[in-house]
Amino acid sequence: MTEHTLIRDGRVLTMAPNAAEVVADVLLRGERIVEVAPNISCPDAKVIDARGMIVLPGFVDTHRHVWQTQLRTVATDWSLFNYFTQMRLIYSAFYGPDDVFLGNHVGALEALDAGITTVVDHCHILHTPEHTDEAVRGLAESGIRAVFCYGLFESPSYREDSARASLAAGWRLDDARRLRRDRLSSSEGHILMGFAPAEIDANPYETNVAEIRFARELAAHRISCHVAMGAYDSGQRFVERMGKGGLLGDDMLFVHGSSLTDDELRFMADSGAAVSATPETEMQMGMGFPVAIRARDAGVRSSLGIDIVSNYSGDMFAQMRLCLQASRALDNRGYESRGRAPRRIRVSARDVLDLATRGGAEAAGLASRVGTLEAGKQADVVLIRTDSIHMTPSIDAVGAVVLNANSGDVDTVFVAGQCVKRNGQLVGVDWPALSARLHASSERIVEGMRSVSLETIEDLAAQMMPRVE
């Protein structure tokens, strides 16, 4: 018989619309939530005492390049130009299939450790079919829920590589078809097939449309596209052209988007397209302020993403805080420009917690499965402790999660009813062994980076990004 788990007496945030905090129980059976209510009776259930803990749906990260895990901190002071020249054009070239497995596997474990139960992996490190298989395996063996967006971006090679040299032109399209047919054929699995065009702002409009049509031939669950990146915006107005051409759809997930126009947001809202803001990289790298709240106000399904742990930590807490305070600052600047001051703060902590849970599920096309704690949904559940010095007292549960909590406060994590973190520790993970492999991988990749002339690459990239100074 399928086992019941009863999460008892937690401070529950179901994240259903207009639902307030309530002290209640959450009953799980197998992969599903059975009931959320006070004083549930289930004598045969395994009981988890959640008194004092905050219980909420797993966070949904709608944009991450998971493979970069072993390059943590290299992007600390980078602009987007630095990121493109070094990460996309040099570091990535030195990833072998095992490096991709480690990056994706440990990156997914990091997400789970922080209470992120679903990730949209925009994966542009697929040098060979073996890289593809290892990227998917890394996610699958972690236990995370994911949309794996097959990336067409082609990084250069700086060494003799017979595996890459033997591939025929256009092999990635065949490889994507293979992956869809063999490994990711199900629309009900924990890992779904998505797609990521090469780079919207760098390619002709016709190329972009052809790639999106291909994604739809694959029946890709989501099509993840970097667009409208602030000072780096190419001015193509891709979303507007797609909207006018009737080519937008609810399968599209636009990433960053700080320079999206009001008209483009209307096109997105009308078509059901979604947006993923990644506040930390956007504000650091010259991509503008996060668009999530502005897009939400325009009726667009809006969400948050982590983007890259080569730059900062892989948790949702930091992104919620940055999005919240950046959005408040933009509102307050409007008052200041008129010589006025706000009586009330318009953007609430609840707003960004919604982006990180229910909004993320909607943007990822998974709202029927996850994003809220409701009977019948998949049991993606997170328990956050409130007994640490920085969480005591936690008078307001929403405020505590958004503005005080960190990954160390995440006590327990379930994905589809499977416990992947308990009592503050990942379940079944041999971290010393993984850490040793990750260090060795990192050292090999960094050594490869040092063998390439950065100045030469930057000179070439500057011709592609003429606004950089």
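This is a predicted model: local features need pLDDT of at least 70, side-chain atom pairs count only at pLDDT 80 or more; totals for chains, interfaces and linings use all residues.
1. Taking the fold as a whole, the protein chain comes to 16 helices and 17 strands. Its radius of gyration is 22 Å, close to the 23 Å that the globule rule gives for 469 residues, so the chain is as compact as a globular protein of that length. The C-alpha trace spans about 65 × 60 × 40 Å along its principal axes, and 58% of the 469 residues count as buried.

2. The largest pocket holds about 590 Å³ of space. Its lining is made up of 27 residues, and those closest to the pocket centre are Asp 201, Ala 202, Met 229, Tyr 232 and Met 465. Among the secondary-structure elements, helix H1 (80-88) and helix H9 (279-285) each supply at least two residues of this lining, and H1 gives the most, with four residues. By class, the lining of the largest pocket divides into 16 nonpolar, five polar and six charged residues.

3. Returning to the second largest pocket, we find 16 lining residues, of which Arg 72, Val 106, Glu 110, Trp 431 and Leu 438 lie nearest its centre. The elements that give two or more residues to this lining are helix H2 (97-113), strand E17 (425-426) and helix H15 (431-450), and the largest share, five residues, comes from H15. In the lining of the second largest pocket, six residues are nonpolar, seven are polar and three are charged, whereas the corresponding figures for the largest pocket are 16, five and six.

4. Arg 241 lies over the face of Tyr 205, at 4.0 Å from the ring centre, while Arg 338 lies over the face of Tyr 335, at 5.2 Å from the ring centre.

How values were computed. Residues are numbered from 1 along each chain as its sequence is written. Side-chain values use heavy atoms; hydrogens and water are left out. On a 1 Å grid over the protein atoms alone, a cavity is a set of points where a 1.4 Å probe fits but cannot get out, and a pocket is an open set with protein on both sides within 12 Å along at least five of seven lines; lining residues have an atom within 4 Å of a point. Grid points are joined across faces, edges and corners, and a volume is the space filled by probe spheres set on the points. Ala, Val, Leu, Ile, Met, Phe, Trp, Tyr, Cys and Pro count as nonpolar, Asp, Glu, Lys and Arg as charged, and the others, Gly among them, as polar. A charge sits over a ring if NZ of Lys or CZ of Arg is within 6 Å of the ring centre and within 35 degrees of the ring normal. The radius of gyration is taken over C-alpha atoms; the globule rule is 2.2 Å times the number of residues to the power 0.38. Buried means under 20% relative accessible area, exposed over 50%, partly exposed in between (1.4 Å probe, protein chains only).
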